[in-house]
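Thanks, everyone. Let me put the structure up, and then we'll walk through a few places in it.

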Amino acid sequence: MNKKITFVLVLALAAFLVMGSASAGLFDFLGGGDDTVKIGYLPSDHDAALFVADAQGLYADKNITTELVQFNNGGDLMTAMASGEVDVGYVGIAPVLSSVEKGVPVKVISAAQTEGSGIIVTSDSGITSAADLKGKSIATPGEASIQYVLLSYYLKENNLSTDDLNISAMKVPSMNDALKTKQIDGIITFQPYVSIAANDSGNVVLEDSADILPNHPCCVVVASDDFIKNHEDKTKDILAIHENATKFINDNIENGSSDKVVALLPEDIVSNADLEVLSLESFPFISGIDDSFKSDVDAFQKLEVDIGILNSTVSHDKLFWEA
């Protein structure tokens with residue numbers, strides 16, 4: 001090859017590498033590269049810390065580029081994590097436990113909140129107690145969801161089983177419309193859809209999850225083993241961001257300024273600002289992994305084994321990662 005042509009090609013390649021490094025950090029020009037952290041979530045107030053952090057630019061402050069990816073339910077999110085499509089997720093503990101039991105390489109890196117779900121029935125369904133659910137049609141976010149676990153436990157505690165009901169899986173935002181049009185008798189869902197449904201005069205709250213199983217763990221923050229291994233410092237930054245966003249939420253709720261949190265939530269979640277305030281104030285937001293939280297998760301695992309959703313409990317070393 002002509003020496004002049006070779007020299008020009010080397011210069012062009014060097015310029016390409018410099019520009020790629022400047023615009024995207026470390027960039028593998030042969031195989032493609034992407035420093036973007038993909039964070040999965042559900043359209044739920046349970047993930048409020050994620051929305052607050054994103055809206056306040058907390059990730060950008062740490063030079064973390066994020067892509068938020070919405071899923072219909074926790075099962076779909078965990079499937080995406082198993083295939084490597086998502087790095088971090090805000091998701092219910094139930095689908096996490098089922099996934100880890102099956103060998104999906106993910107770890108819980110923080111708690112996000114507890115409770116925050118409820119069973120809503122139509123006022124003309126004739127359902128006023130657990131016994132009245134027999135033979136009725138009830139929608140859940142899916143069998144992998146924590147709401148399905150709560151319903152299963154609630155039925156078992158009242159001498160019923162899921163076989164006694166007509167249970168279907170439905171996208172959560174569609175559930176309230178299905179109630180209004182009488183397609184179903186009831187739903188078990190998460191906030192803010194509990195508050196939205198309860199505000200409709202045609203509906204009645206049968207049970208709040210705080211009454212079904214007080215202080216039960218719900219959503220957590222998870223990260224893939226691969227992401228933690230290759231980006232430990234970034235994982236620690238994400239934990240700190242979650243903690244700061246959670247503190248912002250709790251401080252404003254305690255100060256009677258929940259509307260400041262509502263202002264930072266996505267438009268597709270906030271259909272009514274007043275109801276959103278009620279939703280945010282109806283369950284606890286938490287962060288970190290302490291012994292109390294681990295104990296609550298252990299109790300929840302044993303409950304899942306008892307009702308046949310898990311085959312066995314997951315050990316702490318396989319489930320948790322602590323900075």
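Where is the place of I188? It is in strand β8. Bear in mind that this is a predicted model.

Let's stay on I188. Its relative accessibility is 0%, so I188 counts as buried. Now its contacts, leaving aside neighbours within four places in sequence. I188 touches G118 and I119, then I138, A139, T140 and P141, then Q147, L150, L151 and M175. V205 is 17 residues from I188 along the chain, and the two C-alpha atoms are separated by 9.9 Å.

Next, T189. This one is also found in strand β8, which covers residues 186-190. Buried or exposed? T189 counts as buried, because its relative accessibility is 0%. Not counting residues up to four places away in sequence, T189 touches S117, G118, Q147, V172, M175 and V194. Look back at I188: G118, Q147 and M175 are in contact with I188 too.

Step back to I184. I184 sits in the loop between α7, residues 172-180, and β8. The relative accessible area of I184 is 7%; under the 20% cut-off, that makes I184 buried. Which residues does I184 touch, beyond those up to four places away in sequence? They are T122, S137, A139, M170, M175, A178 and L179. Take T122. In sequence, T122 and I184 are 62 residues apart; in space, C-alpha to C-alpha, they are 8.4 Å apart.

Now the core. The largest nonpolar core holds 95 residues. Which of them touch the most other members? Y59, V96, V108 and L319. Helix α6, residues 146-157, gives the largest share of this core, with 7 residues.

Zoom in on Y59. Leaving out neighbours within four places in sequence, Y59 is in contact with I39, L50, A53, D54, I64, T66, Y90, I238 and I241.

Last stop, a helix pair. Two packed helices are described by the angle between their axes and the distance between the axes. Here the pair is α4, residues 74-82, and α5, residues 93-101. The angle is about 40°, and the axes are 9 Å apart. So α4 and α5 are oblique to each other. Their crossing is right-handed. Who makes the contact? From α4, G74, G75 and M78; from α5, P95, V96 and S99. By class, that is 3 nonpolar, 3 polar and no charged residues. And V96 we have met already, among the core residues that touch the most other members.

That's my tour. Over to you.

Note on methods:
Residues are numbered from 1 along each chain as its sequence is written. This is a predicted model: local features need pLDDT of at least 70, side-chain atom pairs count only at pLDDT 80 or more; totals for chains, interfaces and linings use all residues. Side-chain values use heavy atoms; hydrogens and water are left out. Axes are lines fitted to C-alpha atoms, for helices over the stretch in contact, and angles run from 0 to 180 degrees between N-to-C directions. Helices (H or I, at least four residues) and strands (E, at least two) are DSSP runs, numbered from the N terminus. Angles under 35 degrees count as roughly parallel, over 145 as roughly antiparallel, 65 to 115 as roughly perpendicular and the rest as oblique. A crossing is left-handed if the near helix is turned anticlockwise from the far one by less than a right angle, and right-handed if clockwise. Contact means heavy atoms within 4.5 Å. Ala, Val, Leu, Ile, Met, Phe, Trp, Tyr, Cys and Pro count as nonpolar, Asp, Glu, Lys and Arg as charged, and the others, Gly among them, as polar. A nonpolar core is a set of buried Ala, Val, Leu, Ile, Met, Phe, Trp, Tyr and Cys residues joined through side-chain atoms within 4.5 Å. Buried means under 20% relative accessible area, exposed over 50%, partly exposed in between (1.4 Å probe, protein chains only).
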